[in-house]
Amino acid sequence: MTAPHTPPASSPEPEERSEADRLRDLLRTPAYLKALVFSALVGVPVSLAAFWFLVGLHQLEHVLWADLPKALGRDTPPAWWPLPLLAVAGAVVGLVVTRLPGAGGHVPADGLRAGGSSAAALPGVVVAAVASLPFGAVLGPEAPLIALGGGLALLFRHLVRAPATPQSTALLGAAGAAAAIAAIFGNPLVAAVLLIEVAGVGGPRLFVVMLPALLSSGVGAVVFTGFGRWTGLETGGLTARFPTAPPRLDAGDVVWSVVLAAGIGALVHLVLIGGRLTAAFVAASPFVRTVVCAVGAGGCAALYAVATGRSPAEVASSGQATLVGLAADPHAWSVGALLAVLLFKGAAYALCLGSLRGGLVFPVLFLGAAVGVLLAPLPGLGVIPGAAAGMAAATAAALRLPVSSVVLIVLVLGNSETIPVVILAAVTSFVVAELLPAGPSPRKATGGPARVPGP
């Protein structure tokens with residue numbers, strides 16, 4: 001008797017065809033096509049709102065940290081300047097957390113989130129961000145922008161009375177967040193890659209989420225760029241342009257970038273644990289302890305100014321302007337100043353992560369660049385490769401999004417020569433941070449789930 005023919009145990013082809021067919025069917029669905037069109041339309045108002053939100057933050061920061069000190073006859077803010085400003089920030093954020101829906105957005109120590117935005121939470125998000133960022137919080141604007149973009153997209157859906165489904169909520173939330181986040185990073189590609197990793201989905205679901213997000217961020221970038229040139233105003237894109245061309249990489253750059261990244265990954269991991277411990281401390285009495293932590297961050301900036309004679313704004317800020325200055329003239333920073341800014345800004349960053357409202361990216365970019373510049377005199381390591389590796393390592397350890405970190409650093413630096421050390425540093429730092437013992441759970445520290453896995 002002839003043995004019956006046995007088909008192969010598994011064949012990937014039918015499954016692959018099925019996945020492709022499912023994607024085609026989805027793209028032909030009228031509801032999804034409508035979502036794409038709506039996402040493109042949403043990109044326009046969301047981008048304009050993000051633009052003016054950033055302009056407002058920038059102008060208010062300039063008034064508080066430049067115009068007012070000059071009105072008092074000071075070229076730079078005095079050492080005590082951050083204390084009252086951050087006390088005000090802590091009081092306002094404490095009131096928002098205890099009185100308004102959404103608690104002003106998620107706690108930065110939880111990590112970067114995509115989703116969970118709502119129209120009801122928008123007032124609290126805006127007020128908390130305005131109270132935190134211009135007043136000296138050691139945080140960036142990306143997290144409030146994500147919440148602002150997602151919330152506005154859902155608000156527009158409500159205004160036009162479009163059907164509300166779980167799928168449309170996820171799609172429009174991602175589209176609005178992408179349009180807003182593209183404004184601050186100056187590139188829709190960063191927003192798209194960032195949301196790919198934050199969403200954490202694969203297969204057809206990846207295309208379902210990312211097509212509206214990519215389309216909205218692209219339209220938003222066009223509107224943002226054109227509107228910015230038309231008005232003559234700038235929000236201050238995130239860039240770090242060194243005055244000299246990046247050198248050709250050699251063995252020293254590669255080896256030191258790996259060693260540097262391992263150390264930075266461990267240090268950033270500890271800072272994030274400090275932020276989560278701060279969040280647990282604040283959760284017990286939100287108003288009072290938010291003020292205490294905010295004033296503590298101001299104290300770090302004041303001590304830095306007293307110790308170094310430099311401006312307290314170098315600590316009490318997101319670090320964006322300071323990063324630009326560091327890149328333009330890294331030799332203007334002494335070893336003592338670099339050590340001091342790492343110590344005091346790192347401590348203030350941990351305090352703000354658990355108490356105020358903002359994002360993780362901007363301060364950690366500066367801290368990574370400062371470590372790279374500090375260690376640049378090591379044999380075989382240059383300033384530009386050191387700063388590139390430092391920024392990539394710090395960002396990957398903080399966000400736990402290695403691909404997004406690489407894309408962001410490459411675009412911030414604006415060169416391709418340092419891509420190898422950026423990739424090596426990001427991967428090394430990410431692995432080291434993930435392998436270290438975990439700190440307190442974000443759920444326990446803040447009372448809610450964390451969207452991005454962290455320490």
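Helix α12 passes helix α13 in a left-handed crossing, where left-handed means that the near helix is turned anticlockwise from the far one by less than a right angle, and right-handed that it is turned clockwise. This is a predicted model, in which local features need pLDDT of at least 70, side-chain atom pairs count only at pLDDT 80 or more, and totals for chains, interfaces and linings use all residues. Residues are numbered from 1 along each chain as its sequence is written, and side-chain values use heavy atoms, with hydrogens and water left out.

I continue with this first pair. The axes of α12 (residues 335-353) and α13 (residues 361-374) come within 10 Å and cross at roughly 155 degrees; axes are lines fitted to C-alpha atoms over the stretch in contact, with angles from 0 to 180 degrees between N-to-C directions. The two helices are therefore roughly antiparallel, a term for angles over 145 degrees. Contact means heavy atoms within 4.5 Å. Among the residues that make it are Leu338, Leu342 and Tyr349 of α12, and Phe366, Leu367 and Val371 of α13.

The second pair is α9 (residues 251-283) and α16 (residues 419-435), which pack at about 35 degrees with axes 8 Å apart. Their crossing is right-handed. Residues meeting there include Ala261, Gly265 and His269 in α9, and Leu424, Thr428 and Val432 in α16.

Finally, the whole chain. The protein has 17 helices and zero strands, counted as DSSP runs (H or I, at least four residues; E, at least two). Of its 455 residues, 51% count as buried, that is, under 20% relative accessible area with a 1.4 Å probe, protein chains only.

Note on methods. Buried means under 20% relative accessible area, exposed over 50%, partly exposed in between (1.4 Å probe, protein chains only). Angles under 35 degrees count as roughly parallel, over 145 as roughly antiparallel, 65 to 115 as roughly perpendicular and the rest as oblique.
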